[in-house]
Amino acid sequence: MPPAAPSPSRAEIVADLRRHLVRMEGMPADGEDGLSFGLSALDARLPQGGLAFGAVHEIAPANEADLPSAFGFLLALLARMPERSPLLLVLSSKKLARFGRPHGHGIAGLGLDPARLILVETADETEALWATEEAVRARGPAAVAAALGGRLDLKASQRLLHAARDARLPLLLLRPGGESVPTATTRWRIAAAPGTRDRFGMLSGWRWQATLQRCRNGRPGEWMLEFDHATHRFGLAAAVAGASLAGGGATQALGRAG
Amino acid sequence: MHRWLAAEQRKPSGAPVDPRAPFVLTDGSDAPRITALNPAAQASGLAVGETLADARARIGALQVRLAEPAADTKALTRLAQWATRYTPSVALFREESGTDGFFLDATGATHLQGGEDKLLANLARRLHAFGLPARLALAETAGTAWAVSHFARDRAIVPAGTEAETLTRLPVEGLRLLPETTLTLRRLGLKRIGDLIGKPRAPFAARFETELLLRLDRALGIAPEPLALLTPPPVYIATRSLLEPIDSEDAIIAVATRLMQDLVPRLEADGAGTRSLRLSLYRVDGAVQRLNVGCTLPTQSPDHVARLIRLKLERLARHLEAGFGFETLSLAVTVAEPMKPRQHTLATASEEAERAQRCTVLLDALRQRLGPQSVHHLAPVASHWPERSETLTVTPHEATWPPAHSACPRPPLLLPRAEPAEVMALMPDGPPLRLRWRGRLHAVRHAQGPERIAAEWWRTARDAPTRDYYLVEDEAGRRLWLYREGIPGRETAAARWFVHGMFA
């Protein structure tokens, strides 16, 4: 028996099992849309070629002081939603409020037209959960994002997942305290990093150290993400910062996947 | 000097008043005077305006309570709100009418009760059930109705056109005049209203305030009498009285849906939709509960309205008291706006329009449950001053946002109030080197700026000093928006620094 023969069949089996698992877990199937980063290095890691529609994605700051960066990452992702469809943002977190209120001109600076944004501010976490689920189920906004501060138990997070799956739109949850969402399909941890400079020494883009800690049917990883001011596009930091990080990320990813 | 008050305190004020014995209300002055009395007190010869000391001297045992005009007005307003179940146009008596009753404009509303006499009978029966003795009169003018109810028989209906005839026999007090005017009229021997009707006007106009002829004209229907209505009458209103009182949420919503269905043909005929609705729930015991429901866009859909009412009820569950149930419900359109005719064909309905429609429905729902202020959009304002450069709007606005400039960056998170920071700079007008903010020290790795922002020319430099904004990045890569207030050496001696926002 040639040694190469079993490996394709094993790959087939694994692929087959993956497909079954997808169906059993109720995960979005292949061919479903995804919110692409426009970066092959990242999109290749994600099963839908981006953040899957009909799923919950969690974004948390690495540290409380990184919250503005995590919020910026969230807005930059929302800006990538196609067409001029409305987007809804639920804000209830006191921690985020400590860093200020959304500012339209700054949001425009992240490439997101503030006119698309509907802001919903609630007094407590229960109302925020209700508003988030209602917004997802209404299928009015093209995407829903929520900054939820309180504890999110399994039942509440399952409700959100079911709502997102039924409505087939992405639900992005910003967790200012860093507590995890049990049903999240992807979990991102964002930390601020010194920005990129142009040849005049001016800041030409933000940089975030983005860690994909968990990803169903995908591979976790760690990247130094850049966000360009002028083009409003994601990019990967040049080899200067990348070499060690990318390597470290890959090994870490393998370790976790195994 | 407050002996009577002290006596009042010795006797617990909660002791019930015997309605058959003389009972008076007094004002709270040092020499209290009687402001109101019951029939028994009237029978024993007391009158409004007499001092309490005199009254006590005349009749030994007198029940006294302090008058509470504010509470009286409140109670009267509550009662008037209850009376809106008969007609939406209800006006409280004002000063000249005695502040102890209200007018109902029953025009076009009497048939709902089965006629004028049935309306009065129904009103009398219910008021009696509340334990309120009342005198009712129905006439073409408010003045005549008032005079008849106060000085003629109770529950009288004055046929249209017979006002002058009816008023002739009544005393001049029936015109709601000032006491001095009445006194002068009586001294002149003009005791009945009939003495004034048909007389030459010039002598009266010369000798009396305009009040006299105005009131006479109003009572006779020659001059219109403006009434200060409790709530402006809505254009569209539907009311249903129920055989059995209801108290469950589902029943309320079912009735409200039917009320909205009653309104739809009239709205459709006018090409209008409702932007704002008021649901009034009339409780069996006379209390009225009101729900206000607002919509982003005009609507005619009973289902949509029902859903909004359900959300509102859920929100108000704690404040809504059903008691023994609600016997009458009325739904009024308080704001109606023209509505574009709906497309009934499927072919033309685009996906985007449908999405926008779903968004509107969602926003309405969120507003009912979370409160109208909780959902908003951002709109740009033409101002460079960061605090004034945007505003919150209820409806999506049309204005387009100016394109972002990388030369003057703006943070996505702006602090509602700039927070002072301790900053070290090499030169007074130089960029910051180190800053302490919220108890934390940041070493500045990169500072970009300054971007000088001055307030509009019509604001003085003292109120709003010029600001020099810097984008500052610390060693961990966290980016702050920082400004120095005042130009050092020109506007201020020692510049102060503030943190104003966070960059991503």
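Hi everyone. Let's start with one pair: A:Leu87 has A:Ala143 as its bridge partner in β7(A). Before going on, a word on the model: it is predicted, so local features need pLDDT of at least 70 and side-chain atom pairs count only at pLDDT 80 or more, while totals for chains, interfaces and linings use all residues. Residues are numbered from 1 along each chain as its sequence is written, chains are lettered from A and ligands numbered from 1 in the order in which they are written, and side-chain values use heavy atoms, with hydrogens and water left out.

Back to our pair. Strand β4 (residues 87–91) of chain A runs parallel to β7(A), with 5 bridges joining them; strands here are DSSP E runs of at least two residues, numbered from the N terminus, and helices are H or I runs of at least four. Two strands count as paired if DSSP finds at least two bridges between them. β7(A) also pairs with strand β8 (residues 171–174) of chain A, again in the parallel sense, over 4 bridges. There, A:Ala147 stands opposite A:Leu174.

Is β7(A) buried or exposed? In strand β7 (residues 143–147), 5 of the 5 residues are buried, so the strand is largely enclosed by the rest of the structure. Buried means under 20% relative accessible area, exposed over 50%, and partly exposed in between, with a 1.4 Å probe and protein chains only. In a regular strand the side chains alternate between the two faces of the sheet. Here A:Ala143, A:Ala145 and A:Ala147 point one way, A:Val144 and A:Ala146 the other.

Now to the meeting of the two chains. With contact meaning heavy atoms within 4.5 Å, 56 residues of chain A touch 47 residues of chain B. The two chains bury about 4600 Å² between them, 62% of it on carbon and sulfur atoms; this is the accessible area (1.4 Å probe) lost on putting the parts together, summed over both. A:His103, A:His105 and A:Trp130 supply 15% of the area chain A buries against chain B, more than any other three residues.

How many salt bridges are there between chain A and chain B? The count is 2, a salt bridge being a side-chain nitrogen of Lys or Arg within 4 Å of a carboxyl oxygen of Asp or Glu. One of them joins B:Arg478 to A:Asp66, with the closest N and O atoms 3.1 Å apart.
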